[in-house]
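Visitor: I'd like to go through this complex with you and ask how we know what we say about it. Could you show it to me?

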Amino acid sequence: MTVRSYTSTSQWARAVNLVQMKPLLYCFVVVLLIAASLLVGATGVGLTSLLTDPDAREIFLISRLPRSAALVLAGASSAIMGAIVQRLVSNHFVEPSTMGTVDSAGFGLLAGLLFLPDAPPMWRMVIAAAGAWLGTAMFLLLLRSVPMRSPLMPPLLGIAFGGIIGSATSFIAYRFDLMQAMSSWMTADFSVVLSGRYELLYVAGGITLLGWFAADRFTLAGMGDDIARGLGLNPTMVLAIGITIVAVVTGAIVVTVGFIPFLGLIVPNLIARWRGDNLRRSLPLVAWLGAVMTLACDIFGRLIFHPFDLPIGVTMGVLGAVIFLWLLLKRFG
Amino acid sequence: MIRVESLTKTYAGSTVVDIDALHLPQGGVTAIIGPNGAGKSTLLSMIGRLEIPSTGRVLLDGQDVRTFRNNTLARRLAVLKQDNTLAARLTVHDLVAFGRYPYSRGRPTQEDREQIDAALDLVGLQDFRYRFLDELSGGQRQRAFIAMVLAQDTEYALFDEPLNSLDINHAVGVMRLLGHAADEMGKTVVVVLHDLNFAARHADHIIAMQAGKVVEAGPVARIIREDLLRRLYDTGLTVTTRNNRVFVDVFG
């Protein structure tokens, strides 16, 4: 399985390198977007009202601040999960939602709702993560038994596999009258984020950081079993660590804000075109772009039909689809 | 010293490698030759512990290669398989730096950096170090992979058909590199080769394989003989000597 059609991009990459930004500038962009995210909303919260009006302060602390934090955490970790699984499967077209991970997390979530309806969020996350882990492992086993002639094969297989699990989930949810609950869990929506309901995302952030420490192992595993083993790595072990990280983070995101479509697919690809796939170098950029895109899409969704909120699934879906098409055309054109 | 003891490898009932005993000489370049399906690559993979033997074992200084700790063995023996197309987009520097992974575990020291530099110098890719591998020619890419193996700084370096899809200019360059690694850096280089003239010219020892077995092994002069090679490849090739140099004419 080989994916190599970046050859014509060097000029593009060089052009970007000309305007290579400094880390400070990256931070500035994120801070700017966070500030915008904090100040945009149905109720006007300005800097002055924040100081004088206790109601505004309460809205700020209970809703705005958590929402912005959730956007940054979920955006950065989703993008990083995409980058990690792309290395683990050695394929640029997979992400947690095209390899059954998200659907399996949904299945786990449903199992939790059915059997432990009063479970605290932490437990819900654990059950969703367990589902995600099993589903991902099944997908990887499936992948080994199918000949890989085309780089599009793994994601297609994963989408079909995820579809089956998703259908089973829907069927069971329908039988137990949980369709509504499930769809509100699964669709990415940051308007529901309130203080006390999103803190699990800090767990996701922490585990993602752990993934960054193992970055070299993931990059090495993505160079193929023979090279990895020749350099003293145990690829199976790395795969196990990788799926565990991805499953826990996906579980945490699914039970808090819902999985953001396309993010894990396009962000690592954009960064790979620009800076390559060496995760130690690229993961900070992947996290940055993931956070920036999530913040931007959410702010746009809040402004376009002001004072109504367009869910991020819609805005990111449109933007992501356009970028993904562009990436595909670049690659195969 | 690498020794092979009653080594066999069986895939789905058919035996690909079946060697009673084989001893790879220390130092120099050892070429493994033989027709397609002779089991050359499988033997190389088993020596490099990338494949598990069905029976028997490979001994490195008397110890079974499979009983080494992964990291310990990676500092003593490097192996490069053929067809190294990466799905990852890495720079030459990234790749060569990963050759130091058994030592640095991702945190390169000054010595690691020096080794990376030396390897890049040796293969002549210093000017290309920040280029992505998919922007290089086939010959440059192959040299980058060889630099990775050199940076790994092992006593033993195994290469599976490193000349595949290289033009003659690059093929000669790669063989000179391997010769340099053996003669100047004191490595034991084992290389699977298809081109008999390359084997005759650049190797010190040759192992001739056929149908999973070692037909003959020894210094070049003992293997590059008309009767032996005709039998080995079942073709009417001729071997001539001109100016003390051996030439194999595969057209007979």
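Guide: Start with pLDDT, the predictor's confidence in each residue, from 0 to 100. This is a predicted model, where local features need pLDDT of at least 70, side-chain atom pairs count only at pLDDT 80 or more, and totals for chains, interfaces and linings use all residues. Residues are numbered from 1 along each chain as its sequence is written, while chains are lettered from A and ligands numbered from 1 in the order in which they are written.

Visitor: What is the mean pLDDT of chain B?

Guide: It's 91 for chain B, and 100% of the residues there reach 70 or more. In chain B the lowest mean is 88, in strand E12 (residues 245-249), and the highest is 95, in strand E8 (residues 188-192). For the complex, the predictor gives an ipTM of 0.89 and a pTM of 0.88.

Visitor: What makes two residues count as in contact?

Guide: Their C-beta atoms, placed from the backbone, have to lie within 7 Å. By that test, the contact between the chains takes 27 residues from chain A and 24 residues from chain B. On the chain B side, H2(B) gives the most, with four residues.

Visitor: How do the residues on that side of chain B divide by class?

Guide: Ala, Val, Leu, Ile, Met, Phe, Trp, Tyr, Cys and Pro count as nonpolar, Asp, Glu, Lys and Arg as charged, and the others, Gly among them, as polar. Sorted that way, the side of chain B that touches chain A has 13 nonpolar, six polar and five charged residues.

Visitor: Which domains does chain B have?

Guide: Domain bounds come from an automatic or database domain assignment, and for chain B that gives domain 1 (1-76 + 156-175 + 184-223) and domain 2 (79-153). Their C-alpha centres lie 23 Å apart. The contact between them takes 17 residues from domain 1 of chain B and twelve residues from domain 2 of chain B.

Note on methods:
Helix = DSSP H or I, 4+ residues; strand = E, 2+ residues; numbered from the N terminus.
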